[in-house]
Structure formats: structure tokens, C-alpha cells
Amino acid sequence: MNFEYFTPTKVVFGRGAEEQTGALVKEQGGHKVLVHYGGGSVVRSGLLDVICRSLDAAGLSYVLLGGVVPNPRLSKVREGIRLCQEENVDFLLAVGGGSVIDSTKAIGYGLANEGDVWDFYDRKRKAAGCAPLGAVLTIAAAGSEMSDSSVITNEDGWIKRGYSSNYCRCRFAVMDPELTYTLPDYQTQSGCVDIMMHTMERYFNLSDNMELTDGISEALIRTVMRNARILKQNPSDYNARAEVMWASSLSHNGLTGCGTGGGDWASHQIEHELGGMFDVAHGAGLAAIWGSWARYVYREHPERFARFAEQIFGLKEDGSVEALALAGIEKMEDFYRSVGMPTNLKELGINPTEAQIQEMAEKCSFFGRRTVGVMKKLTAADVEEIYRMARG
């Protein structure tokens with residue numbers, strides 16, 4: 001498979017890396033900075049003060065905009081666009097996790113393009129640019145610090161949509177594993193699932209894959225699983241935090257997609273509608289849906305799922321390829337349970353009605369305008385059945 005690999009983001013990794021933020025912004029030519037962040041944890045931890053002092057030391061002016069929530073909202077994006085236009089901001093700085101970075105990317109699109117920024121997420125037109133941005137990462141999960149994608153929720157209809165282009169890639173990403181120490185266990189484990197799923201979405205495909213890419217992907221998944229278990233017992237283990245944080249970036253910067261044909265992504269698309277309707281944690285939603293998706297599609301390429309079972313869990317064929325594939329799916333669900341993640345919608349804490357299932361499936365299919373996935377091209381009816389299987 002032909003492929004392109006583009007990773008322009010400068011990474012500054014390690015203890016105290018956030019103190020370099022001002023110099024990094026200045027290096028990129030920024031003068032007036034929007035510091036975009038989420039809730040009070042960035043303030044309470046003192047990180048926001050560190051960032052502001054670093055910007056002051058670099059002689060940069062800045063404005064602050066907090067309030068980003070998980071499943072970031074379009075209304076906050078529009079507020080950020082207006083503020084940046086009023087204040088003549090020329091550089092955007094995300095201080096937080098994937099939701100904050102995604103919101104910052106959307107603001108960047110709004111500043112660099114005329115018209116309504118939602119048009120890009122609604123597939124009505126393509127962006128022609130994005131304002132420059134950088135990130136100080138506080139949650140290892142989404143990989144948005146090195147990816148070309150962002151996901152935004154429109155409160156009008158609670159529609160959650162992603163948009164991807166190389167324009168929005170961060171100029172730099174500051175990664176200090178110690179900044180993730182205070183994360184609640186549920187968020188940490190949800191992040192680990194998201195990291196793994198970014199690689200698994202690319203791993204499950206119908207292509208003749210590159211052996212090297214497969215090996216990288218399998219090592220990344222095993223590494224995250226091992227360190228997720230460590231963090232379950234010791235949330236302040238620096239080495240485990242570092243491994244997970246670096247895996248977050250490598251899982252979604254394109255590396256694990258080299259030569260795979262792009263991957264499947266159906267689980268993400270199906271989960272997006274759960275997030276849009278029920279505002280669930282993204283990684284937890286992925287864990288709740290993945291087993292049902294896998295059982296629905298594995299017969300399309302059981303050999304791929306069998307390799308997954310062998311390489312990730314050390315299972316051996318003892319019967320049929322199909323039986324090995326199913327055993328691997330079950331082992332993955334066992335792992336989710338071991339770190340406190342749900343394996344169905346009941347465990348996720350939701351119980352969608354038939355009407356809600358139909359609505360989510362229709363939204364997932366863009367109201368019949370597309371299928372999702374490549375292992376099996378899923379229509380709205382297929383997605384409905386996966387939601388039903390996942391009820392628990």
C-alpha cells in the first residue's frame with residue numbers, strides 16, 4: 001500500500017518541559033497568544049501560572065479562555081474565534097488534553113477561513129488553512145497533540161463530528177508525564193483505551209500490511225496494556241506515565257497507519273454518536289462498543305483477528321481460525337474489565353431506547369449518505385444492530 005507520512009510537530013518531552021512554552025511560542029513567531037484550557041484543574045495545579053510566567057518571560061502578551069468540557073462544544077469554539085478576532089491573537093496555545101486541543105484546532109480553522117467553522121465538520125467545504133497552534137499536554141489519550149484531526153460537538157442536535165487536515169497539526173507539543181499524575185483512575189484508563197483504539201482502528205483492515213508497521217502497532221498496544229495495569233496500582237509511577245504519554249502521540253500521528261490503507265474507524269464513528277447523545281467519556285465508550293463491533297465483523301477477515309490474538313495475548317490456534325479470533329476478542333474485553341472499563345452500554349451507565357438507537361445510527365450514517373468501516377461496510381441498519389448487541 002502506498003502511503004504518506006507527515007509529522008511536523010516538534011516534541012519537547014520530560015520533567016519541567018512546560019517551562020519552555022514561552023520560548024517555543026516565540027520560536028514560532030507568535031506575539032499575542034490565546035491560552036485555551038478546560039476546567040479548574042489547570043488552575044488548581046498551578047500549571048496555568050507556570051505557562052503564564054513562561055509567556056511573560058518570553059515577552060509575549062496573551063488572553064485566557066477556559067471552560068472546555070469533554071466532548072468539546074461548538075459554542076465554545078465560536079466564543080474563542082470572536083475573542084481572538086477582537087484581541088488580534090496570532091498564536092493559539094492549548095493547555096490540556098484532547099478536548100482542549102481539538103477545541104483549539106477548531107478555533108484555528110475559524111480564524112483562518114471565512115464563514116461558519118461547523119461547515120468543515122459537516123463536510124460542506126474544506127478548510128484552506130488553520131491559525132498556528134501548540135499544545136501543553138495534560139492527559140494522555142486522544143493523541144491530538146500530533147494528529148491531523150479534531151472532533152467537535154454541535155449542541156444544535158448534539159451532533160459530534162470530526163474533521164482532519166494537515167493544516168491543524170500542532171507546531172509543538174510539550175509533554176511532561178508528571179502533569180498527568182492527578183488524573184482520576186477512570187480518566188487514566190479511559191485514555192489508555194483511546195490510545196490503544198487509535199492503533200487498533202488502523203490495525204484491523206483488509207490490506208496486505210507491512211510487517212514492520214504491524215510490529216510497531218502490536219508493541220504499542222502491549223505497552224499500553226502493561227502500563228495501564230501498573231497505573232491502576234500506582235498512579236504516580238513516572239515511567240508508566242511516560243510510556244503511556246509517548247504511546248498517545250505515536251498511536252495517532254500516522255505511524256501505525258503506514259501501509260495499512262487507513263484502517264477501519266467504525267468503532268470511533270459509532271462511539272461518537274454515544275458521546276454526542278449521552279456525553280460519555282470517549283475511551284470508555286470505545287471499550288463498551290468494541291467487542292460488539294468485533295463480533296459483528298470478524299468473519300470478514302478472521303485471520304486478522306487471529307493474528308491479534310496471537311501477538312497481543314500469546315494465544316495459539318487450537319481448532320479453527322474463527323475460534324482463535326473470538327478468543328482474542330474475549331481476552332481484550334477481559335483486559336478492559338481488569339482496568340475498570342466497561343464492555344457494554346449497561347456497564348457504561350446508559351440504556352438507549354430503540355428510538356435513540358435508530359437516531360444514533362442515522363446520524364452515524366450521515367442520514368444514509370455514507371457507510372462506516374472497511375472490515376465490513378456498515379449501513380445504518382448494521383450500526384443499529386451493533387448498538388443492540390452492546391446493550392449488555
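Predicted model: local features only at pLDDT ≥ 70, side-chain atom pairs only at ≥ 80, totals over all residues.
The side chain of Q189 comes to 3.1 Å from the backbone oxygen of A228. You'll find Q189 in helix 7, which covers residues 185–203. Is Q189 buried or exposed? Its relative accessible area is 0%, and buried means under 20%, so Q189 counts as buried. Which residues does Q189 touch, once we leave aside its neighbours within four places in sequence? They are A228, L231, K232, V339 and M341.

Now for some empty space. Rolling a probe the size of a water molecule over the atoms shows where such space is left. How many cavities of 30 Å³ or more does the structure hold? There is one, and the volume of the largest cavity is about 50 Å³. Its lining is made up of A140, T180, L183, T188, C192, R241, V244 and M245. Two elements, helix 7 and helix 9 (238–252), each give two or more residues to that lining. Helix 9 gives the most, with three residues.

Next, please find strand 4, residues 91–96. Six of its six residues are buried, so strand 4 is largely enclosed by the rest of the structure. What does strand 4 pair with? One partner is strand 2 (residues 32–37), and the two run in the parallel sense over five bridges. Within that pairing, L93 in strand 4 is the bridge partner of V35. Strand 4 also pairs with strand 5 (residues 133–137), in the parallel sense and over five bridges. There, G96 stands opposite L137 of strand 5.

My last stop is A325, in helix 13, which spans residues 321–338. A325 has a relative accessibility of 0%, so this residue counts as buried. Leaving aside neighbours within four places in sequence, A325 is in contact with Y298, P302, F305 and A306. How far apart are the C-alpha atoms of A325 and R295? These two residues are 30 residues apart along the chain, and their C-alpha atoms are separated by 9.1 Å.

Terms used:
Residues numbered from 1 in each chain as written. Heavy atoms only, no water. Helix = DSSP H or I, 4+ residues; strand = E, 2+ residues; numbered from the N terminus. Buried < 20%, exposed > 50% of the residue type's maximum accessible area, 1.4 Å probe, protein only. Polar contact = N/O pair within 3.5 Å; in protein donor to acceptor, adjacent residues only side chain to side chain. Contact = heavy atoms within 4.5 Å. 1 Å grid on protein atoms, 1.4 Å probe; cavity = no way out; pocket = protein on both sides within 12 Å on 5 of 7 lines; lining within 4 Å. Points joined across faces, edges and corners; volume = space filled by probe spheres on them. Pairing = 2+ DSSP bridges.
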